[in-house]
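Visitor: I am new to this structure. Please pick a single part and take me through it closely.

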Amino acid sequence: MSLEGRTVAVLAAGGYQELELWYPVLRAREEGAGVVIVSSDPDGVDSNLGYPLLPDGEADPAALDALVVAGTVTGEPAYSAAQSALIRAAFEGTARVYSVGNSAAAVRRSLGAERHERWVAFESADDLPELFGRLYRDLSEEGLS
């Protein structure tokens with residue numbers, strides 16, 4: 001199975017943790033998914049190590065199958081109002097939400113919920129293989145809704 005025909009958005013804020021962003025982006029693309037990177041600033045953001053990231057633009061929440069919310073190295077990520085709205089809209093639709101690292105607090109605030117079966121939080125970049133494995137299994141299921 002592959003992720004052909006699936007759409008995944010990945011959110012980034014200034015100071016993003018490089019692995020938390022690029023691991024799911026590259027793995028999803030490798031498996032055939034369409035991936036959209038959405039940053040907190042439409043002109044782009046820099047990673048914790050200063051690597052610039054130019055976003056792909058905006059994501060249509062109705063078209064998303066999954067939303068990965070990458071964390072930052074220090075402090076809680078400063079997601080934009082548009083990114084918070086995307087988290088809510090994707091979740092209220094049919095998308096699965098995956099947070100990693102310190103992004104869980106922002107997701108929790110955006111959703112107004114502690115946990116839900118369509119939101120899975122992972123502790124750190126060490127959990128990225130598990131995060132992607134879960135995303136792959138979730139999106140590979142027949143009749144995912």
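Guide: What follows is a close look at one helix, and then at some side-chain pairs elsewhere. Keep in mind that this is a predicted model.

Start with helix H4, which covers residues 128-140. H4 has 13 residues. From its first C-alpha to its last, H4 reaches 18 Å, close to the 18 Å expected at 1.5 Å a residue.

Now look at what is hidden. The buried residues of H4 are Leu128, Leu131, Phe132, Gly133, Leu135, Asp138, Leu139 and Ser140. They pack against several elements. One is helix H1 (18-30). The others are strands: S1 (7-12), S5 (66-69), S6 (96-100) and S7 (119-122).

Take Phe132 next. Its relative accessibility is 4%, so Phe132 counts as buried. Four residues along H4 comes Tyr136, and that spacing puts about one helical turn between Phe132 and Tyr136. Their rings matter in a search of the whole structure, which finds one aromatic pair. That pair is Phe132 and Tyr136: the ring centres are 6.4 Å apart and the planes meet at 40°, so the pair is tilted.

Asp138 is another buried residue of H4. Its side chain meets that of Arg96 in a salt bridge, 3.7 Å from N to O. Arg96 lies in strand S6 and Asp138 in helix H4, so this pair ties together parts that are 42 residues apart in sequence. Both partners, Arg96 and Asp138, are buried.

How many salt bridges are there by this rule? The count comes to seven. Helix H1, a packing partner of H4, takes part in another of these bridges. Arg29 pairs with Asp56, with the closest N and O atoms 3.8 Å apart. Arg29 lies in H1 and Asp56 in the loop between strand S4 (52-53) and S5, so the pair ties together parts 27 residues apart in sequence.

Arg27, Glu30 and Glu31 are linked in a network of salt bridges. Arg27 is partly exposed, at a relative accessible area of 24%.

The charged end of Arg118 sits over the ring of Phe91, 4.7 Å from the ring centre.

Key. Residues are numbered from 1 along each chain as its sequence is written. This is a predicted model: local features need pLDDT of at least 70, side-chain atom pairs count only at pLDDT 80 or more; totals for chains, interfaces and linings use all residues. Side-chain values use heavy atoms; hydrogens and water are left out. Helices (H or I, at least four residues) and strands (E, at least two) are DSSP runs, numbered from the N terminus. The expected span of a helix is 1.5 Å times one less than its number of residues. Buried means under 20% relative accessible area, exposed over 50%, partly exposed in between (1.4 Å probe, protein chains only). Contact means heavy atoms within 4.5 Å. Rings of Phe, Tyr and Trp (its six-membered ring) pair if their centres lie within 6.5 Å; planes under 30 degrees apart count as stacked, over 60 as edge-to-face and the rest as tilted. A charge sits over a ring if NZ of Lys or CZ of Arg is within 6 Å of the ring centre and within 35 degrees of the ring normal. A salt bridge is a side-chain nitrogen of Lys or Arg within 4 Å of a carboxyl oxygen of Asp or Glu.
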